[in-house]
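Me: I'd like to go through this one with you. Take a look, then I'll start asking.

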Amino acid sequence: MSAKSPAWRKSSYSTNNGGACVELASFTGAVAVRDSKDPDGPRLVVNRRDFAVLLDGVKNRTPSM
């Protein structure tokens, strides 16, 4: 990650009611993910290709019965 402060973004569907939200920050070649309730806590950093695979899996997931 860059030494410069990243621009963290939250989903427009997220509310300020203390819900379980994640925030994303984009870097060259990587995406960082953090818990919005713990902005100074740990961050998961993955390369863009792996993040795209994750998003595709989430979007195309069929609910289990």
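Me: What percentage of the chain's residues count as buried?

Reply: Of its 65 residues, 20% count as buried. Buried means under 20% relative accessible area, exposed means over 50%, and partly exposed lies in between, using a 1.4 Å probe and protein chains only. This is a predicted model: local features need pLDDT of at least 70, side-chain atom pairs count only at pLDDT 80 or more, and totals for chains, interfaces and linings use all residues. Residues are numbered from 1 along each chain as its sequence is written, and side-chain values use heavy atoms, with hydrogens and water left out.

Me: Which elements are there, and in what order?

Reply: The chain has one helix and four strands. From the N terminus they run β-β-β-β-α. Helices (H or I, at least four residues) and strands (E, at least two) are DSSP runs, numbered from the N terminus.

Me: How do the strands pair, parallel or antiparallel?

Reply: Antiparallel, in an open sheet ordered S1-S2-S3-S4. Strands pair if DSSP finds at least two bridges between them. S1 (9-10) and S4 (43-47) are the edge strands, each pairing on one side only.

Me: How many bridges join S2 to S3?

Reply: Six, between residues 22-27 of S2 and residues 30-35 of S3.

Me: What sits at the start of H1?

Reply: A side-chain oxygen of Asn47 comes within 3.1 Å of the backbone nitrogen of Arg49. That is a polar contact: N or O atoms within 3.5 Å; within protein, one must be able to donate a hydrogen and the other to accept it, and residues adjacent in sequence count only if both atoms are side-chain atoms.

Me: Switching to the loop between S3 and S4. Is Ser36 there buried or exposed?

Reply: Ser36, in that loop, is buried, because its relative accessible area is 19%.

Me: Which residues does Ser36 touch?

Reply: Lys10, Cys21, Val22 and Glu23, leaving out residues up to four places away in sequence. Lys10 is 26 residues from Ser36 in sequence, and their C-alpha atoms are 8.0 Å apart.

Terms used: Contact means heavy atoms within 4.5 Å.
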